[in-house]
Amino acid sequence: MSDYANYDNSSAQSDWNKRLQMYVGEHGGKFPASIEELAKAFSVPAPKLPDGAYLYIDRSNKVVRLKKF
């Protein structure tokens, strides 16, 4: 969870972005429907995030972002 406290420029951010780019490349440009689908495709657990935070796929920039509210 500490990687998600400072998500920007973290190893967690880098890992999720690499997985997303590999997924899109392997699926002919198709994006996963959710972070859970992306995690399952690479046999990694979906992250446990602090309350009020979630990861989402920014399709226009092809990155995984953390949203806090």
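What follows is a chat about a predicted model of a protein.

Student: What kind of model is this, and how are residues numbered?
Tutor: This is a predicted model, where local features need pLDDT of at least 70, side-chain atom pairs count only at pLDDT 80 or more, and totals for chains, interfaces and linings use all residues. Residues are numbered from 1 along each chain as its sequence is written, and side-chain values use heavy atoms, with hydrogens and water left out.

Student: What is the mean pLDDT?
Tutor: The mean is 92, and 96% of the residues reach 70 or more. pLDDT is the predictor's confidence in each residue, from 0 to 100.

Student: Where is confidence lowest?
Tutor: In helix α1 (residues 2–5), with a mean of 70, while α3 has the highest, at 97. Where pLDDT is low, the predicted coordinates should not be read in detail.

Student: How many helices and strands are there?
Tutor: Three helices and two strands, in the order α-α-α-β-β from the N terminus. Helices (H or I, at least four residues) and strands (E, at least two) are DSSP runs, numbered from the N terminus.

Student: What about overall size?
Tutor: The C-alpha trace spans about 35 × 25 × 20 Å along its principal axes. The radius of gyration is 11 Å, which agrees with the value near 11 Å for a compact globule of 69 residues. That radius is taken over C-alpha atoms, and the globule rule is 2.2 Å times the number of residues to the power 0.38.

Student: How much of the protein is buried?
Tutor: Of its 69 residues, 35% count as buried. Buried means under 20% relative accessible area, exposed means over 50%, and partly exposed lies in between (1.4 Å probe, protein chains only).

Student: Which residues have the most contacts inside the largest nonpolar core?
Tutor: Tyr 7, Trp 16, Leu 20, Leu 55 and Val 64, in a core of 16 residues. α2 (11–26), α3 (35–41), β1 (53–58) and β2 (63–68) each supply at least two residues of this core, and α2 gives the largest share, five residues. A nonpolar core is a set of buried Ala, Val, Leu, Ile, Met, Phe, Trp, Tyr and Cys residues joined through side-chain atoms within 4.5 Å.

Student: What does Leu 55 touch?
Tutor: Leaving aside neighbours within four places in sequence, Leu 55 is in contact (heavy atoms within 4.5 Å) with residues including Tyr 7, Trp 16, Ile 35 and Val 64.

Student: Different topic. Where is Phe 31?
Tutor: Phe 31 is in the loop between α2 and α3.

Student: Is that residue buried or exposed?
Tutor: Phe 31 counts as buried because its relative accessible area is 14%. Beyond its neighbours within four places in sequence, its contacts are Leu 20, Tyr 23, Val 24, Ile 57, Arg 59 and Lys 62. The C-alpha atoms of Phe 31 and Ile 57 are 8.4 Å apart, and the two residues are 26 apart along the chain.

Student: How many salt bridges are there?
Tutor: Two. A salt bridge is a side-chain nitrogen of Lys or Arg within 4 Å of a carboxyl oxygen of Asp or Glu. One joins Lys 30 and Glu 37, with the closest N and O atoms 3.8 Å apart, and the other joins Asp 58 and Arg 65 at 2.7 Å, N to O.

Student: How accessible is Asp 58?
Tutor: Asp 58 has 12% relative accessibility and counts as buried, whereas Arg 65 is partly exposed at 32%.

Student: And the other pair?
Tutor: Lys 30 is partly exposed at 46%, and Glu 37 is partly exposed at 27%.
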